[in-house]
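Let's take a friendly walk through this model together. Have the viewer open and follow along.

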Amino acid sequence: MNKLTKNLILIFSFLLLNSTAFCYVLTMDSINNEIKQKIQSELDFKDYRIKITGIPQEKIITLDNQKPRIEIKNDNKGFETNSYRRVIVKDSKNNIVKTFAINVQILVYKDVLVAKTPINYDSSIDSTNTIIEKREVSRYLDKIIETTPKNVNATRNYQKGSLILSNGIKQKPLIDKNSTIDIVFLSSKGLKITLQGKALKEGGLGETIQVRTNKYNKVYSAKVSSYNQATVRI
């Protein structure tokens, strides 16, 4: 290697070192980690996984040596398990260095109610046929059940291992249709009269049903107040 070549290499190395000293380099991993931290600050879950795709593989280099600012724009409000977001990288002078779109997938895990055995429609749901297990529930966050409910029936068929969701259960009726019940007539002054009658419809606690008295054969709207008892306000 001749002297001229050596000098050219030294000059090139000097220029390269000086140029990188006045810039900031963002790698794919550093961008991914910073975006994850920003998304994590928005979440209120204990157990979750975040997967981000779409981050450029090439390095992003700014023209100064200060760390760039990463902004994430999301037009959708509220939690979404899958969402597209726009990332904007700006230098210290607020100049846009790079923009790109990413896909963010958030998987949330919770201990929830699961069918331990097959459960048929209108069958009882209780501790004998359910179990609490950790499951990925990102799509059902507003419907999951985290404790074993009492006095409920299934409103659909459940296979073994299925999630039990709040829209798939109903309270067991305290009064069955055509059953003999106590109809309590309660006045605003505290007067209370109880007559036997018949339920014309099934009902759960707090539901209003039609009832008929045996003595007067009259139909009333009554609120289910306990097992085989409904109250009529007079």
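Asparagine 217 sits in the loop between E13 and strand E14 (219-226); strands are DSSP runs of at least two residues labelled E, numbered from the N terminus. This is a predicted model, where local features need pLDDT of at least 70, side-chain atom pairs count only at pLDDT 80 or more, and totals for chains, interfaces and linings use all residues. Residues are numbered from 1 along each chain as its sequence is written, and side-chain values use heavy atoms, with hydrogens and water left out.

The phi of asparagine 217 is near 55°, a positive value in a residue other than glycine. With a relative accessible area of 54%, asparagine 217 is exposed (exposed is over 50%, buried under 20%, partly exposed in between, using a 1.4 Å probe and protein chains only).

Now step back to strand E13 (residues 208-213), where you will find threonine 213. Threonine 213 counts as buried because its relative accessibility is 2%. Its side chain reaches the backbone nitrogen of tyrosine 216 at 3.5 Å. Leaving aside residues up to four places away in sequence, threonine 213 touches Ile183, Phe185, Leu195, Gln196, Gly197, Lys218 and Tyr220, a contact being heavy atoms within 4.5 Å.

Another positive phi, near 70°, belongs to asparagine 94, again a residue other than glycine. Asparagine 94 lies in the loop between strand E5 (82-90) and strand E6 (96-115), and at 42% relative accessibility counts as partly exposed.

Definitions and conventions
Helix = DSSP H or I, 4+ residues; strand = E, 2+ residues; numbered from the N terminus. Polar contact = N/O pair within 3.5 Å; in protein donor to acceptor, adjacent residues only side chain to side chain.
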